[in-house]
Amino acid sequence: MFLFSRGGGAALYTGDFRVTKDCAINGAISDVQLKSLYIDTTFFSPKIPTFHDFPSRKESEDAVVRFVLREKEKNNSVEVHVDVTPGWENIFIALANHFDCDVQALENLYDQYADIEDIMFYLTMKKSWIHINQTNSDCALCSDSTLKLRPSIQWKLHNNMMNNNVMIAAKAGAQNTWYVTHSMHSSYSECCSFIEQVSADKVFPIAIPPKSSSEQIISQLKKFWKKRPPSHSNQITLL
């Protein structure tokens with residue numbers, strides 16, 4: 001998240017974010033009067049049941065570690081797909097911590113994280129049995145016995161599987177490739193929890209969920225602000 005502050009007030013931009021059950025975001029900005037809140041509403045739709053609850057990042061990490069432990073004897077290496085933008089690193093960091101090893105990155109990815117010290121701590125350009133690769137990119141480090149992990153929430157949404165406990169599933173038609181249930185965006189319930197903790201004069205939803213409209217998102221957000229004291233504005237505008 002980014003908090004911008006100047007004499008006339010402050011603006012909070014969430015970007016892609018998750019809210020944990022013990023999150024107390026208001027503590028971090030309790031002394032700041034927010035003029036504007038720009039919030040990620042990618043899955044902010046109560047009409048779609050599969051958007052309501054997602055596994056936490058910790059649950060995704062634990063599922064990956066258990067899966068690799070089980071499959072390690074049958075596979076001599078592990079590849080974790082990452083996106084072109086940061087946000088998926090917790091999966092390979094969880095593996096690095098559990099197995100006490102570095103994670104190999106080719107030069108392009110190594111350079112991508114060069115200025116992020118907390119991530120660089122886990123990376124190496126030397127050979128390792130765990131490596132990272134950008135999604136959909138060919139990888140020279142893979143072999144037929146490489147276990148390929150693809151973090152994604154979309155596979156569950158598209159297959160209407162959010163109501164079951166399956167965390168990892170094989171990708172059809174792809175050799176030794178497995179989807180890992182993982183989201184960079186908050187679920188509907190997480191967005192609600194966040195909104196209940198933060199007050200702002202103006203709110204700007206920055207995404208429209210599938211099968212929704214700008215009018216529906218604004219209407220849903222206003223329902224939350226109507227519960228606030230009169231000092232809290234309900235001025236909501238779609239960017």
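What follows is one walk from the whole chain into the core and then to a few sites beyond the core list.

Analyst: Keep in mind that this is a predicted model. Start with the whole chain. It is built from eight helices and twelve strands. There are 239 residues, and 49% of them are buried.

Now the core. The largest nonpolar core holds 33 residues. Six residues have the most contacts inside this core: Phe92, Leu95, Tyr113, Leu123, Ile132 and Leu149. The helices giving at least two residues each are α2 (57–71), α3 (89–99) and α5 (117–120). The strands doing so are β4 (77–82), β7 (130–134) and β8 (146–152). Helix α3 gives the largest share, seven residues.

Ile132 gives a local view. Setting aside residues up to four places away in sequence, Ile132 touches Val80, Val82, Phe92, Val103, Gln104, Ala105, Leu109, Tyr113 and Leu123. A second, separate core also exists, with 19 residues, including Leu37, Ile195, Val198 and Phe224.

Asn133 sits in strand β7. Its relative accessible area is 7%, under the 20% cut-off, so Asn133 counts as buried. Beyond its neighbours within four places in sequence, Asn133 contacts Glu79, Val80, His81, Val82, Leu109, Asp138 and Cys139. Val80, Val82 and Leu109 are also among the residues that Ile132 touches.

Ser60 belongs to helix α2. Ser60 is buried as well, because its relative accessible area is 1%. With residues up to four places away in sequence left out, Ser60 touches Pro55, Ile91, Met167, Val180, Thr181 and His182.

Last, a word on open space. Rolling a water-sized probe over the atoms shows where empty space is left. The second largest pocket has about 160 Å³ of space. Its lining consists of Ile48, Thr50, Phe51, Gln154, Leu157, His158, Pro210 and Lys211. By class, that lining has four nonpolar, three polar and one charged residues.

Key:
Residues are numbered from 1 along each chain as its sequence is written. This is a predicted model: local features need pLDDT of at least 70, side-chain atom pairs count only at pLDDT 80 or more; totals for chains, interfaces and linings use all residues. Side-chain values use heavy atoms; hydrogens and water are left out. Helices (H or I, at least four residues) and strands (E, at least two) are DSSP runs, numbered from the N terminus. Buried means under 20% relative accessible area, exposed over 50%, partly exposed in between (1.4 Å probe, protein chains only). A nonpolar core is a set of buried Ala, Val, Leu, Ile, Met, Phe, Trp, Tyr and Cys residues joined through side-chain atoms within 4.5 Å. Contact means heavy atoms within 4.5 Å. On a 1 Å grid over the protein atoms alone, a cavity is a set of points where a 1.4 Å probe fits but cannot get out, and a pocket is an open set with protein on both sides within 12 Å along at least five of seven lines; lining residues have an atom within 4 Å of a point. Grid points are joined across faces, edges and corners, and a volume is the space filled by probe spheres set on the points. Ala, Val, Leu, Ile, Met, Phe, Trp, Tyr, Cys and Pro count as nonpolar, Asp, Glu, Lys and Arg as charged, and the others, Gly among them, as polar.
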